[in-house]
Amino acid sequence: MSLDLQLSGKAAIVTGGSAGIGLATVKALYREGVRVAIAARDPERLDKAVSSIQAQPTLGGEVIAISADLTQASDIDKVVSTTLERFGQIDILINNAGSARAGAFLELSDEAFLDAWNLKLLGYIRLVKAVVPHQIKRRDGRIVNIVGGAGRTPRPNFLAGGTTNAALLNFTRGVSKELALHNIRINAISPGLTATERANSLAEQNAQARGVSVEEVKAESIKAIPLGKIVQPDEIAALALFLVSDLASSITGAEIHVDGGQTPGV
Ligand SMILES: NC(=O)c1ccc[n+]([C@@H]2O[C@H](COP(=O)([O-])OP(=O)(O)OC[C@H]3O[C@@H](n4cnc5c(N)ncnc54)[C@H](OP(=O)(O)O)[C@@H]3O)[C@@H](O)[C@H]2O)c1
């Protein structure tokens, strides 16, 4: 049996593709020959990301950048229509843009919750809704939602992100049954602590909420991981590629943890 992913020529949208897990996933898709649209807000960061992606070898991949604020429904429509204009199809959607704030519950404003739900929960749902009609026409679709361990295992000081992730697990499993009728698969990857800019800023916010140093927070976090190491963005990307390939053609509605064994319970 070959592990050839056979993704060359497919078209994808990756949200939050200009940094961290999203950027690693775009690079991996591009190397496989996928035509990728990346959506994020900061145009300069998008330009830098495009250059770093195009510096890699590819089997016919392309990349375009779309500056968009995914808290806005109109920007989501723009991302989908621009991708369709350019590539003519959307086989793959990687929902990844998220940025919940950490902080003690009593310090978290309504806005902290609303911002997290708007960007990640509603943003992912809106993108699925916008992409799926095109995938139904072609009877083929592959969607991965990057969620996070706090969806299943609530963490103090991270309730805006945790409630978002819990709702997304419910959404992913629930909608998978409807989409399966059209040969569209949707799965969740829940990363543990992963080496990105976001992980650094969360450690800073956590340290502030608890009145301890950032180094202490980081050391505690690593100690709590059975495999004793932080996840690398490339590891999430590798699993995302497997899930959107035909090698995973019977996997849908699943949540897969990439967390060094940290998730307790079954
Ligand atoms: N890193 C971890 O330890 C970890 C653990 C569990 C789950 N996750 C999840 O994994 C996903 C990616 O995290 P990451 O650590 O790779 O994050 P990151 O390094 O902070 O990158 C976030 C990406 O999302 C984009 N983004 C943020 N707000 C946006 C908005 N309103 N509209 C459009 N794009 C936006 C950012 O670009 P702009 O700022 O330019 O828009 C950037 O490209 C998130 O959903 C996160 O919750 C991460």
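Mentor: Begin with burial: a residue is buried if 20 or more other C-beta atoms lie within 10 Å of its own, exposed if 12 or fewer, and partly exposed in between, with C-beta atoms placed from the backbone. This is a predicted model, in which local features need pLDDT of at least 70, side-chain atom pairs count only at pLDDT 80 or more, and totals for chains, interfaces and linings use all residues. Residues are numbered from 1 along each chain as its sequence is written.

Trainee: Is Arg139 buried or exposed?

Mentor: Arg139 counts as exposed, because it has 10 C-beta neighbours inside 10 Å. Its backbone also deserves a look. Most residues other than glycine have a negative phi. Arg139 is not a glycine, yet has a positive phi of about 50 degrees. Arg139 sits in the loop between H4 and strand E5 (141-146); helices (H or I, at least four residues) and strands (E, at least two) are DSSP runs, numbered from the N terminus.

Trainee: Which phi does Gln6 have, and where is Gln6 found?

Mentor: Gln6, also not a glycine, has a positive phi of about 50 degrees. Gln6 belongs to the segment before strand E1 (11-15). With 12 other C-beta atoms within 10 Å, Gln6 is exposed.

Trainee: How many residues does the largest nonpolar core have?

Mentor: A nonpolar core is a set of buried Ala, Val, Leu, Ile, Met, Phe, Trp, Tyr and Cys residues joined through C-beta atoms within 7 Å. The largest here has 68 residues, and Val36 and Ile38 have the most contacts inside it. Two residues are in contact if their C-beta atoms, placed from the backbone, lie within 7 Å. Setting aside neighbours within four places in sequence, Val36 touches Ala12, Val14, Val26, Leu29, Tyr30, Gly61 and Val63 by that criterion. Over the chain, 43% of the 266 residues count as buried.

Trainee: Which residues come nearest to the ligand?

Mentor: A residue is near a molecule if its C-beta atom, placed from the backbone, lies within 6 Å of it. There are 29 residues around the ligand, and Gly16, Gly20, Gly98, Gly148 and Arg198 come nearest. Helix H1 (20-31), helix H4 (110-138) and helix H6 (197-210) are the elements that give two or more residues to this shell.

Trainee: How many helices and strands does the chain have?

Mentor: The chain has eight helices and seven strands. Its C-alpha atoms fill a box of roughly 50 × 40 × 40 Å along the principal axes.
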